Amino acid sequence: MSPTLTTKLQPGTPAPDFTLRDAQGRETSLADYRGKNVIVYFYPKAATPGCTTEACDFRDSLASLQGKGYEVVGVSPDAQEALAGFSGDFSLTFPLLSDPDHAVALAYGAWGEKLVNGEIHEGIVRSTVVVDPQGNVTLAQYQVQADGHVTRLKEALGV
């Protein structure tokens, strides 16, 4: 059985608005990024090998992304405490947001069935959505591989 996803977002459509809490408990909304390009990436679980690889790649690429006008926000179902530990342990310099009921992941098409170690599980499907300054989707990538994802994303964005 192949993994399934909720409805995927398409370029040119409005990105679903959201307000979530970051690792320090502060509310962060997509609307906070109006006027900027923002990369919203969804990852399954803080401090796991693939998620750490991806987060550290975003951290290491943040200056070049920001230099081209892109901000980065990570979203997972982890509790704020787990996000705070993850962020601190790996010196992550962009917001990590807690989506405990996975409502935002569902709205973005980043929640669904996935194959893990030969078994079907429901959860976050590693995904990245780029939102333009007006709040519209410019790029949506689903079932991305953590290793090398940021490099491939930068190529797709011309960064």
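1. Let's start with the rings. Searching the whole structure turns up eight aromatic pairs; here, rings of Phe, Tyr and Trp (for Trp, its six-membered ring) pair if their centres lie within 6.5 Å, and planes under 30 degrees apart count as stacked, over 60 as edge-to-face and the rest as tilted. One of these is the pair of phenylalanine 58 and phenylalanine 94, which is edge-to-face, with 6.4 Å from centre to centre and 70 degrees between the planes. Phenylalanine 58 sits in helix H1 and phenylalanine 94 in the loop between helix H2 (80-89) and strand E5 (96-98), so this pair ties together parts that are 36 residues apart in sequence. Helices (H or I, at least four residues) and strands (E, at least two) are DSSP runs, numbered from the N terminus.

2. A word on what you're looking at. This is a predicted model, in which local features need pLDDT of at least 70 and side-chain atom pairs count only at pLDDT 80 or more, while totals for chains, interfaces and linings use all residues. Residues are numbered from 1 along each chain as its sequence is written, and side-chain values use heavy atoms, with hydrogens and water left out.

3. The cut-offs are under 20% relative accessible area for buried, over 50% for exposed, and partly exposed in between (1.4 Å probe, protein chains only). Both rings also belong to a cluster that ring pairs link up: Tyr41, Tyr43, Phe58, Phe86, Phe90 and Phe94.

4. Now the nonpolar cores. A nonpolar core is a set of buried Ala, Val, Leu, Ile, Met, Phe, Trp, Tyr and Cys residues joined through side-chain atoms within 4.5 Å. The largest one has 22 residues, and those with the most contacts inside it are Phe18, Leu30, Val38, Phe42, Val75, Tyr108 and Val129. Two or more residues each come from strand E3 (37-42), strand E4 (70-76), helix H3 (103-107), strand E8 (127-131) and strand E9 (137-142). E3 gives the largest share, three residues. Apart from this core lies another, of 21 residues, including Phe86, Leu92, Leu96 and Leu153.

5. Have a look around Tyr108. Not counting residues up to four places away in sequence, tyrosine 108 touches Thr7, Leu9, Ala15, Pro16, Phe18, Leu30, Phe42, Val129 and Tyr142. Contact here means heavy atoms within 4.5 Å.

6. Why call E3 enclosed? Six of its six residues are buried, so E3 is largely enclosed by the rest of the structure. Asn37, Ile39 and Tyr41 point one way from the strand, Val38, Val40 and Phe42 point the other way, and all are buried.

7. Two strands pair if DSSP finds at least two bridges between them. With E4, E3 pairs in the parallel sense over six bridges, and valine 40 has valine 73 as its bridge partner in E4. To get from E3 to E4, the chain passes through helix H1 (residues 49-67), and this β-α-β crossover is right-handed (with the strands pointing away from the viewer, the path from the first strand over the helix to the second runs clockwise). With E8, E3 pairs in the antiparallel sense over five bridges, and there valine 40 stands opposite valine 129.

8. Cysteine 51 counts as buried at 1% relative accessibility, and cysteine 56 as buried at 13%.

9. Lastly, some loop residues. Alanine 47 is in the loop between E3 and H1 and has phi near 70 degrees, a positive value in a residue other than glycine. Histidine 102, in the loop between E5 and H3, has phi near 50 degrees, again positive in a residue other than glycine. Lysine 45 is also found in the loop between E3 and H1 and counts as partly exposed at 49% relative accessibility. Leaving out residues up to four places away in sequence, lysine 45 touches Cys51 and Asp78.
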